[in-house]
Amino acid sequence: MFALLTAALMPLPALAEVEIQEVTSPGGITAWLVEEHSIPFTAIDILFEGGANEDAAGKRGATNLMMSLLEEGAGEYDAQAFAERAEELAARMSFDAANDSVSVGLQFLTENREESVDLLREALTDPHFDMDAVERVRAQVLASIASDASDPGDIASDTFSGLAFPGHPYGTSLEGTPETVAALNIEDLRDAHQRALTRDRALVGVTGDITAEELGPLLDRLLGDLPESDGATVAEASYDLSGGVTVVDFPSPQSVVLFGHEGIAFDDPDYFPAYVLNEVLGGAGFDSRLMQEVRVKRGLTYGIGTDLVPRDLAAQVMGQFSSSNDKTAEAVRIVRDEWARLASEGVTEAELDAAKTYLTGAYPLRFDGNSRIASILVGMQANDLPIDYIATRNARIEAVTQDDVRRVAARVLRPEELHFVVVGQPEGLQSGGF
């Protein structure tokens, strides 16, 4: 297993040398491949579009629970035997659920390629859903839900989502509620399995010691027996939250604050100027406007940041910070003021240059191993990016002008629509409008 972990972390060639091939299997399954033969290791990342958004009515949490059970016995192996076989092969698997997709990862040594792929195939196509495993994992999920219910950060997230997207899957936790999870049965899990893991909605990224000729048949063996989707889609999420403050009483000396409003879709022509804008507003490090104004100058928080959140069915601009209860109201005011100032004035040339330097310089650091690149390849496909995006991405950042950012700031930043969910006991702050 040490060899596997080492291989996963070994750097690949320089960013400019990352060459992506599109591979189509004999059965018509497509994958993006980066060959890297210097180490005998390969990573496969698979994203199935749809995800927990497609939980059946009244069955919230089914997709999440189902994904957690895929390695708890499959094919000829019970749960213990499956884990032992994976250990023998030094194969690492991951199974995760999100609202817009579910994802599967496999990392394996070249000498164990066939056996590792066959083991994952069993998990994808023939999971057991044995009752003892279901009850054990169900208990873990219920414990997680209970823990989230007493965590101020999770309370803030759930509250904001519920207010912003009532009646939509985005408005509820993909883990489900204690009631929905407790009621899930084996048939519900098999139903979720059939909906979530479909061949026609699989996006595949592969990096490592494998050729295009070897990958094609492997894709068919791994994914060829999965069902096709039924073609049903989930409706776009309607954002239903206006500007203001929602205070959730929570006994703590600090308040957790989550804030934001509607954002910008990834495929919007203005996304890259908005991306640079966000770096100036609340990006990494101490140079962002909010970090300077809220922490450095006034000491109201230890950290604050914002991010663009362009999900499949809705987009948001979101931020978060924590502050002592006696300072939270002032911090909220400063955030609103800076939001409005940036929306009306745009950024300075110095801020623009610093943001572009950081964003272009940090990008190559993402490509630090086979598994990370495989994930990036999948993300590119999910966002309908061209196959040469890695080579051209930094040029897109460099092309953003000060006028672009000023125009997009006026469009994207809407201080009057900014809503703050505050979990704590903030002094001088109560639910309502400003």
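**Salt bridges, strands and a charged patch**

Let's start with Arg-341, which is partly exposed, with a relative accessible area of 30% (buried means under 20% relative accessible area, exposed over 50%, partly exposed in between, with a 1.4 Å probe and protein chains only). This is a predicted model, where local features need pLDDT of at least 70 and side-chain atom pairs count only at pLDDT 80 or more, while totals for chains, interfaces and linings use all residues. Residues are numbered from 1 along each chain as its sequence is written, and side-chain values use heavy atoms, leaving out hydrogens and water.

So what does Arg-341 pair up with? Its side chain meets that of Glu-345 in a salt bridge, 3.8 Å from N to O (a side-chain nitrogen of Lys or Arg within 4 Å of a carboxyl oxygen of Asp or Glu). Both residues sit in helix H12 (residues 328-345), 4 residues apart, or about one turn of the helix (helices are DSSP runs of H or I with at least four residues, strands are E runs with at least two, numbered from the N terminus). Glu-345 is partly exposed as well, at 45% relative accessible area.

By that rule, the count comes to 27 salt bridges. Some reach across the chain. Take Glu-351 and Arg-289, whose side chains meet at 2.6 Å, N to O. Glu-351 belongs to helix H13 (residues 349-362) and Arg-289 to helix H11 (residues 289-296), so this pair links distant parts of the chain, 62 residues apart. Arg-289 counts as buried, because its relative accessibility is 8%. There's also a network of salt bridges, linking Asp-268, Asp-270, Asp-404, Arg-407 and Arg-411.

Now for the strands. Strand S8 (residues 254-262) is mostly covered, with 7 of its 9 residues buried. S8 pairs with strand S10 (residues 315-324) in the antiparallel sense over 9 bridges (strands pair if DSSP finds at least two bridges between them). S8 also runs antiparallel to strand S11 (residues 419-424), joined by 5 bridges. Val-257 shows both links: Phe-321 is its bridge partner in S10, and Val-422 stands opposite in S11.

Last stop, the surface. Glu-49, Glu-236, Asp-267, Asp-312 and Asp-384 gather there in a patch of negative charge (patch residues have over 30% relative accessible area and no salt bridge, with like charges joined within 9 Å). Asp-384 lies in the loop between helix H14 (370-382) and helix H15 (389-398), and Asp-384 is exposed, at 70% relative accessible area.

Conventions:
Patch = residues over 30% accessible without salt bridge, like charges linked within 9 Å, V, L, I, M, F, W, Y side chains within 5 Å. Areas by Shrake-Rupley, 256 points an atom, 1.4 Å probe, with all protein chains shown as cover. Lys, Arg positive; Asp, Glu negative; His and termini not counted. Charge placed at Lys NZ, Arg CZ, Asp CG, Glu CD.
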